[in-house]
Amino acid sequence: MSEVATSSAHGGPGAAGDEPRLSTVGNLVRLSRVDRFGAVYVLVAIVVLFSALAPDTFPTWDTAKSILNENATIAIIALALVVPLSTGVFDLSIGNVVALITVTVAWLVVEKHVGIGLALVIAVAMGVCVGAINALIVVGVGIDSFIATLGSGAVLQAVNLLISNEETVTSPHLNTELGKIATANVAGIQVPVLVAIAVALVLWWLLEHTVTGRRLYATGFNPEAARLAGVRTKRLRSMGLLVSAFVAGIAGIMVVARVGAGSPDVGPSYLLDAFAAAFLGATQIRNGRFNAWGTIIAVLVLGAGTNGLTQIGAAAWTLQMYTGVVLLAALALTRIERTQIRAGKATPHGGLTAGATDVPGEGGSGDGDTAVPAR
């Protein structure tokens, strides 16, 4: 009996035989790094699926170039969200900042006959001013970033309608001169794609290889602990909003160059895709941390899926549903990962300390912006 009991307690001979199999499965999971590169497998699955459904058009270099070129602007806007989200701050005004850039450039060039170079500088400066105002409201006044940037975005939309006189501003001159920025290419890869890669490189270096980057992450995970450790959390959160506005300004230039017009409606349409990419990216490479290359992978997943759906003639509503499902799945995964980090069952890749693992908005008191919902 004792042998049976002992054997049962340890799983018996059959269970002993299972251990190598379980170990083998675990090793395969670890080697595949599904936890860090799950979106890459999803991307491969999407490519295989649509290659089977549209074998003549989807698995081609032209489709690959189309996915890259058409999603470059979304990638830049999603990258703009990485820094503020890393500090635990939302920026919902970013779509209207993009629209502000397009409208301002078009209005200055078409209506005021300002040179294109000067118009671009003025427009980006206006975008950075919006970032400074957001920082003042969120960090200085202490209004929740979700509500504050939602409100500032509404004000910006009104300003955009005022500047554009509620119309799309365009002219052949604008299209000819600025269009060169969007249409110039290297082997079919257009300039906006190269700009997105350059922005990703800069953010990757900032977040992963500088003291400021580690302090940005520490601010996002536990602002109070970071503040007590001497980190200037208010300054870093303000910096996040300024970086967001500046990179959104670059995205706005790419948009006006691509369409050759300024429209108050063009920017907000990118918001859902950008947030979906940023949150899905936070589940990749650096689990639980918003990061540049994870965001790029997420944009490719979104772009390949929507391109494939378009090629097989799917209804327009399926594209929105696809993006919405990706965003909800990404939010759920990010939530699970951060909950595990708080419980000590996992650590964020790249190594924040255990004292910096609280989820903002779920106990972190912060120093002004106190709540980041649904993270």
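Modeller: Contact here means heavy atoms within 4.5 Å, and the model under discussion is a predicted one.

Colleague: With which residues is Ser 86 in contact, leaving aside its neighbours within four places in sequence?

Modeller: Ser 86 has its place in helix α5, which covers residues 72–86. Once neighbours within four places in sequence are left aside, the residues in contact with Ser 86 are Leu 207, Leu 216, Tyr 217, Gly 220 and Phe 290.

Colleague: Does Ser 86 count as buried or exposed, and which backbone oxygen does its side chain reach?

Modeller: Buried means under 20% relative accessible area, and Ser 86, at 2% relative accessibility, therefore counts as buried. Its side chain reaches, at 2.7 Å, the backbone oxygen of Val 82.

Colleague: Why does Ser 51 count as buried, and which backbone oxygen does its side chain reach?

Modeller: Ser 51 lies in helix α3, residues 34–53, and it counts as buried because its relative accessibility is 18%. Not counting residues up to four places away in sequence, Ser 51 touches Phe 58 and Pro 59. The backbone oxygen that its side chain reaches, at 2.5 Å, is that of Val 47.

Colleague: How are helices α10 and α11 oriented to each other?

Modeller: Helix α10 (residues 191–209) packs with helix α11 (residues 211–221), their axes being 5 Å apart and the angle about 75°. Leu 206, Leu 207 and Glu 208 of α10 meet Thr 212, Gly 213, Arg 214, Leu 216 and Tyr 217 of α11, and by class this contact has 4 nonpolar, 2 polar and 2 charged residues. Angles of 65 to 115 degrees count as roughly perpendicular, so the orientation of α10 and α11 to each other is roughly perpendicular.

Colleague: How far apart are the end C-alpha atoms of helix α7?

Modeller: Helix α7, residues 116–141, has 26 residues, and at 1.5 Å a residue it should span 38 Å.

Colleague: Against which helices do the buried residues of α7 pack?

Modeller: The buried residues of α7 include Ile 116, Leu 120, Val 124, Gly 127, Asn 134 and Val 139. Just after this helix, Gly 142 takes a positive phi of about 95°. The helices against which the buried residues of α7 pack are α6 (94–110), α8 (145–164), α9 (172–183) and α13 (233–259).

Terms used. Residues are numbered from 1 along each chain as its sequence is written. This is a predicted model: local features need pLDDT of at least 70, side-chain atom pairs count only at pLDDT 80 or more; totals for chains, interfaces and linings use all residues. Side-chain values use heavy atoms; hydrogens and water are left out. Helices (H or I, at least four residues) and strands (E, at least two) are DSSP runs, numbered from the N terminus. Buried means under 20% relative accessible area, exposed over 50%, partly exposed in between (1.4 Å probe, protein chains only). A polar contact is a pair of N or O atoms within 3.5 Å; within protein, one must be able to donate a hydrogen and the other to accept it, and residues adjacent in sequence count only if both atoms are side-chain atoms. Axes are lines fitted to C-alpha atoms, for helices over the stretch in contact, and angles run from 0 to 180 degrees between N-to-C directions. Angles under 35 degrees count as roughly parallel, over 145 as roughly antiparallel, 65 to 115 as roughly perpendicular and the rest as oblique. Ala, Val, Leu, Ile, Met, Phe, Trp, Tyr, Cys and Pro count as nonpolar, Asp, Glu, Lys and Arg as charged, and the others, Gly among them, as polar. The expected span of a helix is 1.5 Å times one less than its number of residues.
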